[in-house]
Amino acid sequence: MKMLKYYSLAFIIVLLPGCSTGYFGHTKTEWDKLTDVEKATVKEKYQMAINAKNGQAHTDKIKARTQSVIDYGVSGR
């Protein structure tokens, strides 16, 4: 379930920059119609997606380094 959440956030991250980046995935017209509370919610969700992306990149680096140590130990090089 947790992985589904991360994949969903990653999917959002991929979609948002493709859309109108200045408006967090909304057109200017849509963005202008949102209330301040709705805009804050959109920005918060966007930041959560960015944080998840950055956290996953960090985790991937750790896993890659761990695997390289394992490979080194197995191969004896």
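**The aromatic cluster**

Tutor: Tyr23, Phe24, Trp31 and Tyr46 are linked into a cluster by ring pairs. Two rings of Phe, Tyr or Trp (its six-membered ring) pair if their centres lie within 6.5 Å; planes under 30 degrees apart are stacked, over 60 edge-to-face, and the rest tilted.

Some ground rules. The model is predicted, so to speak of local features requires pLDDT of at least 70, side-chain atom pairs count only at pLDDT 80 or more, and totals for chains, interfaces and linings use all residues. Numbering runs from 1 along each chain as its sequence is written, and side-chain values use heavy atoms, with hydrogens and water left out.

A pair of aromatic rings is described by the distance of the centres and the angle of the planes. The whole structure holds three aromatic pairs. One of them joins Tyr23 and Trp31. Their centres are 6.4 Å apart and their planes 50 degrees, a tilted pair. Trp31 is buried, at 8% relative accessible area. Tyr23 is partly exposed, at 24%. Here buried means under 20% relative accessible area, exposed over 50%, and partly exposed in between (1.4 Å probe, protein chains only).

Phe24 and Tyr46 form another pair. The centres are 5.1 Å apart and the planes stand at 75 degrees, so this pair is edge-to-face. It bridges distant parts of the chain. Phe24 sits in the loop between helix 1 and helix 2, Tyr46 in helix 3 (residues 36-75), and 22 residues separate them. Helices are DSSP runs (H or I, at least four residues), as strands are (E, at least two), numbered from the N terminus. Tyr46 is partly exposed, at 24% relative accessibility.

Now the backbone at Phe24. The loop that holds Phe24 runs between helix 1 (2-18) and helix 2 (28-33). Phe24 has a phi near 55 degrees, a positive value in a residue other than glycine. Most residues other than glycine have a negative phi. Phe24 is partly exposed, with 21% relative accessible area.

Side chains of opposite charge can pair when their charged atoms come close. The search of the whole structure gives one salt bridge, meaning a side-chain nitrogen of Lys or Arg within 4 Å of a carboxyl oxygen of Asp or Glu. Lys28 and Asp32 make a salt bridge at 3.1 Å, N to O. They are four residues apart in helix 2, so about one helical turn separates them. Lys28 is partly exposed, at 46% relative accessibility. Asp32 is partly exposed, also at 46%.

Helix 3 has 40 residues and reaches 58 Å from first C-alpha to last, close to the 58 Å expected. That expected span is 1.5 Å times one less than the number of residues. The buried residues of helix 3 are Lys39, Val42, Ala49 and Ala52.

Finally, the whole chain. It has three helices and zero strands, in the pattern α-α-α. Of its 77 residues, 12% count as buried. The accessible surface is about 6,300 Å², with 62% belonging to carbon and sulfur atoms; the areas come from the Shrake-Rupley method with a 1.4 Å probe, and for residues only the protein chains shown count as cover.

How far to trust it? Mean pLDDT is 81, and 70% of residues reach 70 or more; pLDDT is the predictor's confidence in each residue, from 0 to 100. Confidence is highest in helix 2, at a mean of 92, and lowest in helix 1, at 62. Where pLDDT is low, the predicted coordinates should not be read in detail.
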